[in-house]
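Good morning. I will go through one structure today, starting with the overall layout and ending with the cores.

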Amino acid sequence: PVHLARQALETERAALPGALQFAPMSNPPSDADGTKVPCRSRIESIRRQRADHGRRAVVVPPVHYPKEILTGLDLLAVELWGPPGPPRSDEAGRVQAYVCAVVRNALAFLSSDGASEVDAALFPHTCDSLQGLATELTDFGGWTRPFFVFQHPRGADRPSAQRFLEAELRSLARELEALAGKELSAERLAGAIRLHDAIDAR
């Protein structure tokens, strides 16, 4: 049942250091018996997180980004899944029609200020289309807020790839620290990793 999963997650959260205590789910699903709990819109949730906990929000495509770093810095990751449906602005036409809908719609959505409540954007470079999104958004979409990029190592898992990945993670963490206004300590990072491991295991 959903309520048992929520209870287990709250138990994990309670075990974290005080700085890593998280608010209850802002938009929890219905329980197995159909009981409804109050739901907020995504915009209201972002505003509540900022007002109640001082968390800044970062919009990010949901593709292999280091969410543990954002969590460790108490930043709110707002995953952008498209959004679904046809592109909502002319900016989508700046990307070839055969490019995946996630990138086309993300460009259209962000260019039309659909993410006006967030403080920054993070673009993981998992494919050529996503890699170009950061440039297109700033050059053509009018994005003026901070944005960050995260490069994944290419090719086989070898020592040089591991060194590259570690350097990228450290660089991104330093940049996000400036946005969050706090340092990513080893304790905070370890707590965030434990939290996401627990979530992924369910």
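The protein has seven helices and four strands; helices (H or I, at least four residues) and strands (E, at least two) are DSSP runs, numbered from the N terminus. Along the sequence they follow the pattern α-α-β-α-β-α-β-α-β-α-α.

Before the details, some ground rules. This is a predicted model, in which local features need pLDDT of at least 70 and side-chain atom pairs count only at pLDDT 80 or more, while totals for chains, interfaces and linings use all residues. Residues are numbered from 1 along each chain as its sequence is written, and side-chain values use heavy atoms, with hydrogens and water left out.

Of the 202 residues of the protein, 39% count as buried. Buried means under 20% relative accessible area, exposed over 50%, and partly exposed in between, with a 1.4 Å probe and protein chains only.

Now the sheet. Four strands form an open sheet in the order E2-E1-E3-E4, with parallel pairing; two strands pair if DSSP finds at least two bridges between them. Strand E2 (76-79) and strand E4 (147-151) are at the edges with a single partner strand each, so one side of each has no neighbour in the sheet. On average, neighbouring strands of this sheet are turned by 30° against each other, direction ignored. For such angles, axes are lines fitted to C-alpha atoms, for helices over the stretch in contact, and angles run from 0 to 180 degrees between N-to-C directions.

How many bridges pair E3 and E4? There are five, in the parallel sense. In that pairing, Phe 123 stands opposite Val 149 in E4, and Ala 121 stands opposite Phe 147 in E4. E1 and E3 also run parallel, joined by two bridges. There, the bridge partner of Val 58 is Ala 120 in E3.

Next, helix H4 (residues 101-111). Eight of the eleven residues of H4 are buried, which leaves this helix mostly covered. Among the buried ones are Val 103, Arg 104, Asn 105 and Ser 111. The buried residues of H4 pack against strand E1 (57-60), strand E3 (120-125) and helix H5 (128-139); contact here means heavy atoms within 4.5 Å. Just after H4, Asp 113 takes a positive phi of about 65°.

That brings us to the cores. A nonpolar core is a set of buried Ala, Val, Leu, Ile, Met, Phe, Trp, Tyr and Cys residues joined through side-chain atoms within 4.5 Å. The largest has 20 residues, and those that touch the most other members are Val 59, Leu 110, Val 118, Phe 123, Leu 133, Leu 137 and Trp 143. E1, H4, E3 and H5 each supply at least two residues of this core. Which residues does Leu 133 touch, not counting residues up to four places away in sequence? They are Val 103, Ala 106, Leu 107 and Phe 123. Another core, of 17 residues, lies apart from the largest one and includes Val 58, Ile 69, Leu 75 and Phe 148.

One last number, on contacts. Among those between residues at least 6 apart in sequence, 62% join residues at least 24 apart.
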